[in-house]
Every structure is written in structure tokens, then in C-alpha cells.
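Visitor: I am new to this structure and should be grateful for a close look at one part of it, namely the aromatic rings and their surroundings.

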Amino acid sequence: MSTNESTSTPHYSGYKPCYDYDAMVQDIKSHRADAYDGGVVTNLDELSKAVDGFTKLSSYCSLTPRLWLLYAEDFSELIVGKMKMESESVDDDNDVPKSNLIENEITKLEVAISVLAIGTREFPGCAKLRYCYARCMALKCVLSGFDEHDEVVEAFEDAIQWVGTGSHPSSEHAANLWRLYVEYYVAKIHLNESNNNNDKNCIKHIATILVRRSYLPLKFNDNLVHEVNEVMEGRTCIFSGASNNVNKEVRGLLDSIQPLVFQKVSFSVPLLKDMCVRITKEFMMHQLSLEDILVDQAECKVSLSNAIEYGRRVASKSYVTSANTAQYETEVSLFMTADGIIDSTDRSISEVNNDIREQQPLMGLGSEITSTAFISYAQHFKKINQKYCRSSSFSAYIYERAISECISQEGLWASYIVYLFRDAKNYTFAEQVCQRACRNCPFSLRLFKLYMQVVHKAAVTKHNQVEANQVHLIAEKAYELRFFSRKT
């Protein structure tokens, strides 16, 4: 295999990779320590070396979720730092125009978004990555006049699908993702040049997001009504820590968001019932009667607070919050704590911050015991899905959550692939997971065999000769790794 291959392909030489992962990570850590002082960039040359280190490492193997976050932080700081140097060399005047300051902030966000987009594709079930990506998208959209509103909504909905529907019930990142979604629409009302109809539409979206969230087993939902009041009073968290040293002009713009009052928002009973049925069909075992909540029969309306409380009552009866499920969640948390990788509560890229410790979340350090607990967790939902003829997606969300912490556990990848291949029969996605598995466990004969089986099955199912030929390409790579000898 040529050393001039695309950076997306790992380089191998016999049984040993031609790079030292631990040494490269320590090198990045050293350069980052010299580049920052108190969370502020003080040495662009060292920061540039750290970014080069991330780029080189990613050409050999997949970065861990935390390394993707640090890569996004460093790369964006480096680009903006160089822009500031060029600007200062042209203009000695210290009074930088407000428009330039905002443009610098937008550029920083654009760079971070481009890196985080790759990270979320590699680890779609990582709540931390999803939160940071959605937050950068929302902030950029706010600062640029809401030109990319549809893309922001798509980022939120995609993130919610993978981490915000109950597969991460103890994650603050998953819960704050929902709050972030609401706060984005609050900002849209106050910072966008909109009319009354658009404002009403935003308010409708806010109320719907809150009710959708109430139906799901998420952290902080027991205090959801109080949280709603905080958001409506203007106490938002969406822009906190927008960057390490966000300029005062940008901060002033963001602080101009005013309290939003819509206590009179209500849902029609048919709309609430439709929402309940739609969510229940995917995630719930039980339905409550709408007679269980306070309904104004004259107007046939339900207040927002009552709608939220109703959703919480439905969620409390879901199989996602059952005693058996809680046992699996507790077991996973205990093993992650023992591994020293329990998820932290930091919510911005900046707070990741400037440190790569030996044991910490999202560095792929989950043990075999932890991965086994996650497998049991996912299999638990597979049995429930089969029993009640429900969607099989939820097990995939649990597997992806596990992958973000147990990246190099061969058994976890194999269990996930077998589940997608034999149970979900999602051959296209199974093939994508196989690619990721072999990239993260490049010396696993078991995973290469599964990869060839999945591709062959997909080719037979689709009658696709191109995919059939791919089996030979995978076999060639396995030969290069000396898994078997070539027969003449």
C-alpha cells in the first residue's frame, strides 16, 4: 500500500502500523500546553504544530470524539489568530470595526463546524459532539442573520434522533440539546427582522419542542416547567462560552435577547393527541387518556404547562424508564465510573479544555466490561422491539452511544454489525459501520470477515455487481494485513 494514499485511508505495514498513536497524542498534548495560557492562545506557532499533529493522526486512524472536539477548537483558533495578525499588519489602528469582529467570530465557527461535521459522522451517537456541532451551527446562524435556518433545524433534528430520544437518559448534553433548540428560536424572534406571523410560528415551534421533550426520559425533565420559565425570562445558556475570548460587540448582540412571554400558548386537544400517538408509536408502551389532564372543554385547549406535565406522565410509563431498563443504565454508569470515563458536564468546545489526560471521557478508553454492559443494554431493547413490533432504531442508538466510549472494543463492533445485518437487515448502514469498525480495529480478522459478509449480502440483495467487486477489495486489504496468504 502506497504511503501517498488518500488521508482517509489508514496506512499499514505488516502487523504493525507505521505510526505510534500514544507518542503522537502526547506530542499534540505538549504543543497545546505551550500554545495556551489560561485558556487563551498565546503562541500561534505551537498551536499550528498541534493542528498539524491532529491532521497527521487523522490520516492514519480515526480520532476519538474528544480529539475531534479539541481539533475543532484549535483549528478555529489558529485560523482566526492568523487573520488577526494579517489585519494588524495592514492596519495599525487598534479600533477594529465591529463588522470585522463579528466576521472573525463567524469564521471561527465555520472552521469548527467543518471539523465537527466529520466527527459527528464518525460518532453519530456522541451527545457531546452533537451538542457542540448544533451549538456552533445555531450561533453562526444567529450572527449571520439567520440565512441558514433550515440547516440549523436539520442539525438539531438529526442530533435529537441519535442522542435525544432516551438513549442517553443521564446525559446533560442530550438534555441541553433540547434546551438549546428552544433558545435558538427565542433568539430568532428577538434578533431577526420578522413579522407577527413569523413570531407566532417561532412560538409554536418552541411550544412543540417543549412538549416533544416532555414525552422522553431525559435528564432535568423533572424540572422542565421551571426550566421553561427560565428560558422565557431570558436566562439562556446557548451563547455562554461562544469562544474563549468572544469580543464585547458580539457579546452585546447576544445579551440583547429579551424575555419571551407566552403563557397563553395552548394546544388543541386533537393536536396533542396526534403528537402523543406519534411519539408513543415509536417509544412508549402505555397511553394515558386525555381526560387525565385539565382540559378547557369550552375552547378545547390545553395549556402549555399541562401539556408538558401530561407528556412527563406518559414518559414515566414508558419502557425506556422501566425498572429493567434503569438497571441496565445503572450498570453501564457504574462500569464507566470504574473506567474513569463517566461523561463530564462541560457544554462548550472551550470547556473541553486544553488537556488530554490519561483517563477521561470520549477518548475511547472504555473497557471490555463496559462494552459488554452496553451490548446487554442494546439487546434488552432489541427484545422489547421484537415483542411489541416496534422500530429497531433504539438499539442502534445505544450501540452508537457505546461506540463513542469503547472505540477499540472488537466485540462491541461485531455485536453491532451482527445486529444491523441479521436483525435490523439494514445492509447499507451495516456496511458503513463495518468501514468504521475496520478503521478503528484494523487488525481484527473477525471484523474483516463480517465486512465481507455484509457487502456480499448487500450485493446479492441489490443485484449490484459493483458491490460484489468490493468484496475482493476488502480481501486485498486483509491480505496486506497478513490475515491470510494469497493462493495462486
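Visitor: To how many aromatic pairs does the count come?

Guide: This is a predicted model, in which local features need pLDDT of at least 70 and side-chain atom pairs count only at pLDDT 80 or more, while totals for chains, interfaces and linings use all residues. Residues are numbered from 1 along each chain as its sequence is written, and side-chain values use heavy atoms, with hydrogens and water left out.

The count comes to 19 aromatic pairs. Rings of Phe, Tyr and Trp (its six-membered ring) are taken as a pair if their centres lie within 6.5 Å; planes under 30 degrees apart are called stacked, those over 60 edge-to-face, and the rest tilted. One of these pairs joins tryptophan 162 and tyrosine 397: the ring centres are 5.3 Å apart and the planes stand at 70°, so the pair is edge-to-face. Tryptophan 162 belongs to helix H6 (residues 149-163) and tyrosine 397 to helix H15 (residues 393-403), so their pairing ties together parts that are 235 residues apart in sequence. Helices (H or I, at least four residues) and strands (E, at least two) are DSSP runs, numbered from the N terminus.

Both partners are covered. Tryptophan 162 has 12% relative accessibility and counts as buried; tyrosine 397, with 7%, also counts as buried. Here buried means under 20% relative accessible area, exposed over 50%, and partly exposed in between (1.4 Å probe, protein chains only).

Tryptophan 162 has a further partner in phenylalanine 429; their ring centres are 5.9 Å apart with planes at 40°, so this pair is tilted. Since phenylalanine 429 lies in helix H17 (residues 427-440) and tryptophan 162 in helix H6, the pair ties together parts that are 267 residues apart in sequence. Phenylalanine 429 counts as buried, at 18% relative accessibility.

Helix H17, which carries phenylalanine 429, has 14 residues and reaches 20 Å from its first C-alpha to its last, close to the 20 Å expected at 1.5 Å a residue. The expected span is 1.5 Å times one less than the number of residues. H17 is mostly covered, with 10 of its 14 residues buried; among them are Tyr427, Phe429, Val433, Ala437 and Cys438.

In soluble globular proteins, nonpolar side chains tend to be buried together.

H5 is itself covered, 17 of its 17 residues being buried, and its end C-alpha atoms are 24 Å apart, which agrees with the 24 Å its 17 residues should span. Leucine 143, in H5, counts as buried at 10% relative accessibility. H5 is followed by glycine 145, whose phi is positive, near 85°.

Another ring, that of phenylalanine 146, has a charge over its face: lysine 188 lies there at 5.9 Å from the ring centre. A charge sits over a ring if NZ of Lys or CZ of Arg is within 6 Å of the ring centre and within 35 degrees of the ring normal. Phenylalanine 220 lies in the loop between helix H8 (196-214) and helix H9 (224-232). Phenylalanine 220 is partly exposed, with a relative accessible area of 29%, and has a positive phi, near 75°, in a residue other than glycine.

As for the setting, the chain has 19 helices and six strands. Of its 488 residues, 53% count as buried. Residues 24 or more positions apart account for 73% of the contacts in the chain with a separation of 6 or more.

Terms used:
Contact = heavy atoms within 4.5 Å.
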